[in-house]
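Q: Please walk me through this structure, one feature at a time.

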Amino acid sequence: TKRTGKRKLKIHKTFSHVLKEVDIGSFKEAKWSDEKIPLLSEVLANVPPKKRLFVELKGGIEIVRPLVDLVKHFNCSEKVLSFIGFKLETIGAIKKLL
C-alpha cells in the first residue's frame, strides 16, 4: 500500500473496508486514479472464462481455512486457480484440503 497507495498499512492488521479506500491507481497515471484494491472474493467472482488466476500467498498457515472456504464457495477448480508461495506448509495444507 505504501508504494502504490501512498499509505503505509500492514495488510494483515488492516480491516478490508480501510483497504478498499486506498487509491492504488494514481501512482501510475491520472486516468487510473481512484482504482481500489479488490477483495479476493471480488476477483474470484470476475475471473474471465478460460483464464487462469495465480494467487501468491504471503501469510502462513492461518490463511488456509478461510482461503479454502472462499475457493469452495466460488467453486474454483485447479484449472482456474493456482496458489503459489514460499511456505511449503501453507501450500501443502491448501492442496490437501482442496
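The dialogue below takes the fold, the core and the salt bridges in turn.

Q: What should I know before reading any values?
A: This is a predicted model: local features need pLDDT of at least 70, side-chain atom pairs count only at pLDDT 80 or more, and totals for chains, interfaces and linings use all residues. Residues are numbered from 1 along each chain as its sequence is written, and side-chain values use heavy atoms, with hydrogens and water left out.

Q: How many helices and strands does the protein have, and in what order do the elements run?
A: Helices (H or I, at least four residues) and strands (E, at least two) are DSSP runs, numbered from the N terminus. Here there are five helices and two strands, in the order α-α-α-β-α-β-α from the N terminus on. The C-alpha trace spans about 40 × 30 × 20 Å along its principal axes.

Q: What share of the residues counts as buried?
A: Buried means under 20% relative accessible area, exposed over 50%, and partly exposed in between (1.4 Å probe, protein chains only). Of the 98 residues of the protein, 22% are buried.

Q: Which residues have the most contacts inside the largest nonpolar core?
A: A nonpolar core is a set of buried Ala, Val, Leu, Ile, Met, Phe, Trp, Tyr and Cys residues joined through side-chain atoms within 4.5 Å. The largest one has 13 residues, and V55, L57, L81, F83 and I94 have the most contacts inside it. Two or more residues come from each of β1 (53-57), α4 (64-73), β2 (81-85) and α5 (88-97). Helix α4 gives the most, with four residues.

Q: Which residues does V55 touch, leaving aside its neighbours within four places in sequence?
A: Contact means heavy atoms within 4.5 Å. By that rule V55 is in contact with L40, L81, S82, F83 and I84.

Q: How many salt bridges does a search of the whole structure find?
A: Side chains of opposite charge can pair when their charged atoms come close. A salt bridge is a side-chain nitrogen of Lys or Arg within 4 Å of a carboxyl oxygen of Asp or Glu. The search finds four. One of them joins K20 and E42 (2.9 Å, N to O). This pair links distant parts of the chain, 22 residues apart: K20 lies in the loop between α2 (16-19) and α3 (40-44), and E42 in helix α3.

Q: Where do R65 and D69 lie relative to each other?
A: Both are in helix α4, four residues apart, so about one helical turn separates them. R65 is partly exposed at 42% relative accessibility, and D69 is partly exposed at 40%.
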